[in-house]
Amino acid sequence: MLTIVRGPWPNSTAAFMTVSNVSEQWEQTASAHLPPSEIETIARKIRSEDRRRGIAARVLLALLLDKVEFSRIREGESGFEMLRFMRKTREGRPFFNLIHAPLFSLSHCDDYVACVLLAPRGSTAVSREYAYGGCLQMMALPYCEKNISGIGIDIEKIRPLQAEDYRAAFSREELREIGESTDSSSELIRRWTVKEATTKALGLGFLLDPSHLDTRCGRKLTSDVGTIEIWKTENGTWGDVPPCKDAPEAGRTVIEWQHLPGPEGYWLTAAVAAPL
């Protein structure tokens with residue numbers, strides 16, 4: 001059965017499904033509508049499993065577009081037909097080359113793919129009651145009525161990891177908190193999903209040092225929700241502290257992240273970025 005969890009602001013929706021539940025027909029339909037640039041991106045993946053996950057993530061995006069009606073995008077087109085408008089920024093952030101199109105983000109890990117959609121400002125998102133053989137799980141996310149510039153999602157499987165192997169991605173204080181947790185591997189992966197979803201929401205890719213994204217416990221609003229502040233300097237670099245004492249608010253972006261109810265044994269996290 002289709003599972004929907006509604007949040008206080010139902011203008012954004014996340015979903016996940018297993019790659020094994022993506023039919024060959026869905027794969028072929030998605031491939032027929034994707035632009036050449038997207039096909040090339042998937043084809044460049046070395047492993048066949050990664051290529052299948054890539055196409056499965058885009059299938060999920062199409063299914064989710066059909067599941068949620070956005071009032072100000074192209075009428076009469078299916079989610080698969082919308083795939084032909086997919087593009088990427090220079091930094092690799094995917095978007096729809098359409099006015100008033102929703103923001104979205106994709107992720108995959110192991111046998112799961114995940115997607116999040118955010119309705120454009122001023123539009124509404126209405127859930128459509130479709131069932132996809134029980135393989136699609138959905139939940140509604142809070143939507144902040146600010147000038148949202150991006151959205152990101154990340155799904156990661158919980159597995160044994162050594163925190164010291166990730167020193168480049170975490171600050172000394174973060175590594176200390178991870179080491180003091182009852183399950184350091186799960187805590188490391190949880191925080192990594194926060195950083196990955198945040199990087200995607202900012203649309204910066206590898207331009208941003210992940211160690212500058214502070215996931216320390218003091219930054220959390222609740223056990224499942226937190227914020228990260230990031231500053232842009234005059235020379236275009238990004239950091240977690242103001243570039244100067246009197247730095248203008250215009251250079252600051254606030255990211256709100258939230259853990260979502262994902263598959264058992266996985267962390268699933270979404271984030272939105274709101275420049276001030």
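A: Happy to! Let's start with a term: a residue is called buried when its relative accessible area is under 20%, and exposed when that value is over 50%. Keep in mind that this is a predicted model.

Q: Which residues of H1 are buried?
A: In H1, the buried residues are Trp-26, Glu-27 and Ala-30. They lie on the same side of H1, because they cover an arc of only 100 degrees around its axis.

Q: What is the general idea behind such a pattern?
A: An α-helix has 3.6 residues a turn, so residues three or four places apart point the same way.

Q: Which exposed residues does the face turned away from the buried side of H1 carry?
A: That face carries Glu-24, Gln-25 and Ala-32.

Q: And what covers the buried residues of H1?
A: The cover includes strand E1 (12–18), helix H3 (48–67) and helix H4 (79–82).

Q: Let's zoom in on Glu-27: is it buried or exposed?
A: Glu-27 has a relative accessible area of 16%, so it counts as buried. Its place is in helix H1, which spans residues 24–33.

Q: Which residues is Glu-27 in contact with, leaving aside neighbours within four places in sequence?
A: Those are Val-22, Arg-52, Ile-55 and Val-59. With Arg-52, the side chain of Glu-27 also makes a polar contact of 2.5 Å.

Q: How many residues apart along the chain are Glu-27 and Ala-57?
A: They are 30 residues apart along the chain, and their C-alpha atoms are separated by 10.0 Å.

Note on methods: Residues numbered from 1 in each chain as written. Predicted model: local features only at pLDDT ≥ 70, side-chain atom pairs only at ≥ 80, totals over all residues. Heavy atoms only, no water. Helix = DSSP H or I, 4+ residues; strand = E, 2+ residues; numbered from the N terminus. Buried < 20%, exposed > 50% of the residue type's maximum accessible area, 1.4 Å probe, protein only. Contact = heavy atoms within 4.5 Å. Polar contact = N/O pair within 3.5 Å; in protein donor to acceptor, adjacent residues only side chain to side chain. Arc of directions from axis to C-beta.
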